[in-house]
Amino acid sequence: MSTSKCRDLILYVPKTTLYRHNTSPYKSPSKANSDGGAARLLRRSPELLPYVTNHESARKIAEALASSARHPLQSLHFLKVAHALGCKLKDNAYECVSFALSKKREWNGVISAVSLAQEHRGRASSRLLNWRTRAEVETEDYRALQSTLTDFKEASLDPTRRTFHLILTGHIRNRNLAKAKECLETMSEKGCPPDASTHAIIATHYRRLGADPDVEARALNALSDLEASTAVAVVNSLITLRLDVHDLPGALRLSTLFNRRDIEPIISVMTHEKGLGNTDLTGLQRELDIREPLAPNAATYSIFIDYQASRSNLHGALQIFRAMLTAQVEVTPGAVSSLVQALYAGEKGDFAVRVVANMCSAHAVALPLFDRLLSSQSFESLPWSPTGVTPTIRVFNSLLKGALSTHGLWGMETILKIMRYCSVQPNAKTLELLMNHIKSAELGHPRLLSRILKDLSSSDIQPNLRHIHIIFSTVLRRERNLIHGFGWNNVAARFSNSREARRSYPEHLISDDAAFFDPTAGIQLPTSLQHRRLARTAVESLKSRGVMSDSAMLALRIRHDGLIRSDLDAAREICDAMLDRGIRPTEYHFSALMESFTRAGDIEGAFDVMESASHAGVKPNVVMFTILIVGYAHKGNPDKAIQVFEDMVASGIAPDVPSIDAVVSAFFIIGAYEMARTILRTLWSYIQPFPAEFESMSLKRLAQSFRLLHKDRRYGDRELSKTDRDLLHAKLSKIKYLWNIGKRRWKSTPPHSVDKKSSRDNS
């Protein structure tokens with residue numbers, strides 16, 4: 001009998017969530033249907049029974065089921081039925097099922113397969129225990145890792161190097177440096193000292209802790225002892241770490257470890273040059289004693305495509321993608337995902353839609369749905385036509401991120417339908433994209449976000465720190481507005497008798513300190529609000545799995561202490577605690593601390609923080625300069641505000657919407673409305689051309705329209721060329737000249753004498 005017929009028989013049995021490992025408090029596991037019906041059916045089928053009771057044929061059937069597209073977890077049901085019929089399954093049956101399920105990232109199913117092996121055979125093999133450890137890492141069940149070595153001891157098995165590497169991976173991913181060091185010590189005690197592969201494991205997962213020179217040095221020294229594929233993964237990770245801290249020269253230096261012919265197009269694009277000239281491409285290879293240069297893989301090209309996409313440079317991203325095709329590197333779903341993001345960033349979303357549609361050509365019923373995501377019916381030639389690449393959830397998530405920006409929630413509904421036809425399940429990233437969209441584009445309330453997280457979580461999509469961060473950041477933003485107010489009018493009220501600022505706020509609506517530090521960095525949501533009750537289950541899920549606070553949550557805690565609680569000493573203590581945990585501060589942490597100082601009126605303290613950032617290798621960026629500009633604006637000092645703006649431009653950093661808005665606010669706050677309008681009108685062109693139809697708009701409507709142009713960027717700041725800097729300096733000089741003339745006139749007419757009608761029209 002063919003395997004397909006036996007698969008059809010098993011799939012005929014009513015669907016069940018039997019043995020689906022449920023670590024989520026959101027959903028109760030369904031009661032398993034009785035297996036008696038399936039067993040009786042098979043006993044009455046002499047033709048089928050031998051295939052189920054023979055351990056080898058049963059293994060093949062279980063593996064085929066686990067590899068199936070639609071119902072891989074039916075393999076667990078089959079294993080139980082086979083065991084009930086007396087089949088003496090061997091370890092390899094459960095190992096093969098675990099491997100097949102891992103390829104589909106069905107990690108709860110892997111844990112269930114190991115549990116079945118222990119139930120059926122009374123024990124689990126070393127491989128199966130390692131599979132369970134891997135699944136625990138992937139499901140972020142870090143607390144379970146603490147019993148891994150005990151499980152091996154109870155099974156009278158010795159942990160392997162892979163076992164230790166999996167435990168080490170989990171601790172680093174969880175930002176638990178103390179446990180990671182403990183794992184390394186235990187390795188040596190067990191006669192399995194760290195080697196080159198260990199340093200490779202550390203380097204490839206260290207991104208969650210931040211760039212570390214010692215980690216990079218050890219990883220580079222280990223390259224010559226690693227297999228080529230592992231060495232490429234290590235270099236890719238080190239390049240990503242360099243780009244995370246905006247160290248493009250360092251990233252390009254690491255890229256010279258790759259084959260010159262393959263990497264030259266990337267360096268050419270990244271440095272905006274036509275060629276490499278006399279650049280030494282072998283120095284680092286000689287230094288590390290690497291005899292043969294490495295061959296970049298699809299992930300290498302994807303890293304640089306993502307970098308170009310973050311800077312909205314579609315031309316550069318396509319050049320790198322074509323270089324990958326020229327090098328005959330196999331295109332992976334990850335590379336397609338990067339291409340889709342680049343197309344959307346370059347405002348070519350229709351191309352991205354058609355690329356993914358071509359990947360789904362085998363699913364004819366889904367193809368008409370893609371038309372709903374198109375903005376026009378133009379059919380220009382695609383930059384690349386996918387062949388043989390299967391669409392994965394990573395590809396669909398990239399498409400979803402772009403479609404949400406162009407079509408909103410209606411676009412997400414369409415993509416979820418397409419995913420269903422293609423048998424692709426949403427994951428935690430899908431939920432994160434939805435929550436981020438509702439937070440940003442729909443201005444969702446924390447209660448709505450908490451409800452969405454609670455309703456859409458399951459054993460397969462468990463809450464993670466990124467979900468919690470979205471909720472908590474929304475709460476803190478609302479609290480900051482509640483305490484400090486928002487908009488120009490609120491600050492202008494200090495300098496005008498015609499405006500009124502909101503001063504009081506109910507204390508019970510403000511977040512407090514939690515009794516525990518992890519996983520929320522010690523932030524506790526307001527006690528009286530419903531979203532605290534809704535989010536509690538998610539927080540408890542993270543606590544039960546031993547998840548520790550990440551860099552983003554610690555940045556929120558700094559804001560909570562410095563901005564919400566006005567406790568600068570506590571904010572500094574969080575910075576120290578973060579360093580003690582081995583987490584490197586980024587521009588987000590320094591910016592949070594700077595904003596706390598400026599809100600307290602200590603701008604000199606904010607300057608000191610920015611200087612400390614420079615000493616720590618974090619280059620001051622446009623956000624930091626904007627914080628200083630806002631600080632001076634709130635003090636009613638537009639001269640200092642525009643001086644900081646000039647210093648930013650002189651350092652080669654291009655202004656963005658918030659920085660220009662901050663300069664304009666400095667003049668508005670003191671009542672210099674015409675000057676504010678002149679500055680906004682003059683600097684608008686550095687974002688995009690000023691629309692002629694806006695000439696007659698009020699200052700209020702101009703400011704509102706201008707803020708809509710803001711787009712977040714991931715990698716660093718846009719740099720100004722010398723020509724652009726000189727041109728901007730000339731404009732700023734003219735602005736300062738006009739301001740100084742107008743200031744003399746303004747001093748003779750204090751801002752509080754402006755009539756209420758005038759201030760209302762310009763607010």
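Is Ala521 buried or exposed, and what is its relative accessible area? Ala521 is buried, with a relative accessible area of 0%; buried means under 20%, exposed over 50% and partly exposed in between, with a 1.4 Å probe and protein chains only.

The model is predicted: local features need pLDDT of at least 70, side-chain atom pairs count only at pLDDT 80 or more, and totals for chains, interfaces and linings use all residues. Residues are numbered from 1 along each chain as its sequence is written, and side-chain values use heavy atoms, with hydrogens and water left out.

**Stop 1**

Keep Ala521 selected. Ala521 lies in the loop between β1 and β2, and its phi is near 60°, a positive value in a residue other than glycine. Helices (H or I, at least four residues) and strands (E, at least two) are DSSP runs, numbered from the N terminus. Next select Asp518 and Pro519, which are joined by a cis peptide bond with omega about 10°. Pro519 is in the loop between β1 (512–513) and β2 (523–524). Most residues other than glycine have a negative phi, and most peptide bonds are trans.

**Stop 2: Ser566**

Select Ser566, in the loop between α30 (551–564) and α31 (568–580). Phi of Ser566 is near 55°, again positive in a residue other than glycine. Ser566 has 55% relative accessibility and therefore counts as exposed.

**Stop 3: rings and charges**

Select Trp684 and Phe694. Rings of Phe, Tyr and Trp (its six-membered ring) pair if their centres lie within 6.5 Å; planes under 30 degrees apart count as stacked, over 60 as edge-to-face and the rest as tilted. The count by this rule is eight aromatic pairs. Trp684 and Phe694 form an edge-to-face pair, 5.8 Å centre to centre with 75° between the planes. Both residues lie in the loop between α37 (673–683) and α38 (699–707), so the pair ties together parts that are 10 residues apart in sequence. Trp684 and Phe694 are both buried.

Now select Lys543 and Phe516. The charged end of Lys543 sits over the ring of Phe516, 3.9 Å from its centre. The criterion is NZ of Lys or CZ of Arg within 6 Å of the ring centre and within 35 degrees of the ring normal. Arg354 lies over the face of Phe351, at 5.7 Å from the ring centre.

**Stop 4: helices around α13**

Two packed helices are described by the angle between their axes and the distance between the axes. Axes are lines fitted to C-alpha atoms, for helices over the stretch in contact, and angles run from 0 to 180 degrees between N-to-C directions. Show α11 (residues 161–173) and α13 (residues 196–205), which pack at about 25° with axes 10 Å apart. In α11, Arg161, His165, Leu168, Thr169, Ile172 and Arg173 meet Ser197, Thr198, Ile201, Ile202 and His205 in α13; contact means heavy atoms within 4.5 Å.

The residues in contact are Ala200, Ala203 and Thr204 of α13 with Thr230, Ala233, Val234, Ser237, Leu238 and Leu241 of α15.

**Stop 5: Ile415**

Finish at Ile415 in helix α24 (residues 393–421). Its relative accessibility is 0%, so Ile415 counts as buried. Leaving aside neighbours within four places in sequence, Ile415 is in contact with Leu373, Phe396, Leu399, Leu400 and Ala403. Phe370 is 45 residues from Ile415 in sequence and 8.1 Å away in space, C-alpha to C-alpha.
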